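Take a look at the fold and the ligand shell before reading on.

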Amino acid sequence: MAPSTMQAVGVTEYGPIENLRAKEVPKPPKPTDRQMLVQVKAISVNPIDLKVRGGIYDDPPEYYERVKSLTQESPNFHIIGYDGAGVVLETGPEVNHFKAGDDVFYLANPAKQGTYAEEVLVDERHAGHKPQSLDFVQAASMPLTYATAYESLVDRLEIKQGEKAAVLIINGGGGMGSITSQIARNVLKLPIVITTASRPETVEFSRKMGATHVINHRQDIVKQIQDLDLPADTPLKYAFITSRTEQYLGPVADVLVPFGKICSIVQAKFDMYGTQMMSKSLTFAWCWLGTGVYHNYLNDKEEKHHEWYEEMAQLMDQGTIKCHLMQRVRLTAEGIREVHRRLDAGKAIGKIALGVDEPGEGRAFC
Ligand SMILES: NC(=O)c1ccc[n+]([C@@H]2O[C@H](COP(=O)([O-])OP(=O)(O)OC[C@H]3O[C@@H](n4cnc5c(N)ncnc54)[C@H](OP(=O)(O)O)[C@@H]3O)[C@@H](O)[C@H]2O)c1
């Protein structure tokens, strides 16, 4: 008989990196509705994992209360992680797009048990078939950043393909900026994609990922944009903030043209008063990828997520979008702790992902 338990990595108490540990826990229950049970081959770590593990995640105000009641399969043990790639073991009765044996990449539900586990339940609406040109580790680095970037540019900012406009992306070298700049340049075909980066290596990486211009976020943003002397027929109409919303909102409002649009994905306390937000009639939009599923507002947008993942797989197989994975690590508890340390240092370039078959010591997930 198949074992009823599995190895997983998570926390019993939210806090420092050392609180992350391996534990034998019950396997997820049988998939229902549109859920699939997936054997996890690879995961990637995102800043949200660090915030959740640290007990400081504040995108939804009551997050920790919700999670407490939704992680009942392993009480008092929260399995962290959102991005993953693996093989479908079993499908729920209403799954349409996948069957057992399919190679998939996916995003787990932010309020349920996560992907740092041998098996995970995934909703088919938040999964796609793994791109053939990527291995599991590369595929696991894609879903969260790609879907957030796509939703921000296309749904929140409403950028139209081929529009003659410029976009400013704050933090071009991180996991988010490096995929957003590719979508802006290679999919939406914006002629000007300005990113920010402060180190030679992040500047170079951001250029490789589609930036037509890179400025330094540790220097005067307004002056640097003025110095670019952008062509008058390509207005700086859009901005996407992926770091310190409170710090960048003012300068971004200064450089956008009237009626421009700003989207941020980073929660912060900030004040629009005294900025050019009102005088320029600028639009500000939040984007949180978890919105639909967290609020059980499962409209057609959730279906779109699946379509985005399938489209992304095609774009990657065609070479239109490049994988932004920069470091590969063996998927053990210590491997995960090490990746949390690297991200915590604030100097990640692109993405870091972990796989069960990567070289190194130790049993996977232990
Ligand atoms: N709302 C959502 O649904 C959603 C989804 C995904 C991510 N997020 C959030 O988006 C943020 C970015 O995620 P990410 O994966 O891109 O992060 P990341 O990969 O950890 O970003 C690393 C980069 O941040 C840059 N950086 C450090 N301090 C900065 C500063 N003060 N200003 C500008 N850039 C700075 C560094 O570039 P330099 O070395 O060049 O300075 C570094 O290369 C996180 O807070 C994450 O939680 C939200």
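What percentage of the 366 residues in the protein chain is buried? Buried residues make up 49% of them; a residue counts as buried if 20 or more other C-beta atoms, placed from the backbone, lie within 10 Å of its own. Please note that this is a predicted model, where local features need pLDDT of at least 70, side-chain atom pairs count only at pLDDT 80 or more, and totals for chains, interfaces and linings use all residues. Residues are numbered from 1 along each chain as its sequence is written.

**Overall shape**
- The C-alpha trace of the protein chain spans about 70 × 40 × 40 Å along its principal axes.
- The protein chain contains 11 helices and 16 strands (DSSP runs, H or I of at least four residues for helices and E of at least two for strands, numbered from the N terminus).

**Ligand shell**
- Around the ligand there are 30 residues (C-beta atom, placed from the backbone, within 6 Å), and the closest are Gly174, Gly175, Met176, Thr202 and Ile265.
- Helices H1 (47-54), H4 (143-156) and H5 (175-187) each supply at least two shell residues, and H5 gives the most, with three.
- Domain 1 (5-142 + 297-355) and domain 2 (148-286) both contribute to the shell, so the ligand lies between them; the domain bounds come from an automatic or database assignment.

**A three-stranded sheet**
- Three strands form an open antiparallel sheet in the order E2-E1-E4, where pairing requires that DSSP finds at least two bridges between two strands.
- Strand E2 (21-26) and strand E4 (78-79) are at the edges with a single partner strand each, so one side of each has no neighbour in the sheet.
- Strand E1 (residues 5-11) is joined to E4 by two bridges, and Gly10 has Ile79 as its bridge partner in E4.

Technical notes. A residue is buried if 20 or more other C-beta atoms lie within 10 Å of its own, exposed if 12 or fewer, and partly exposed in between; C-beta atoms are placed from the backbone.
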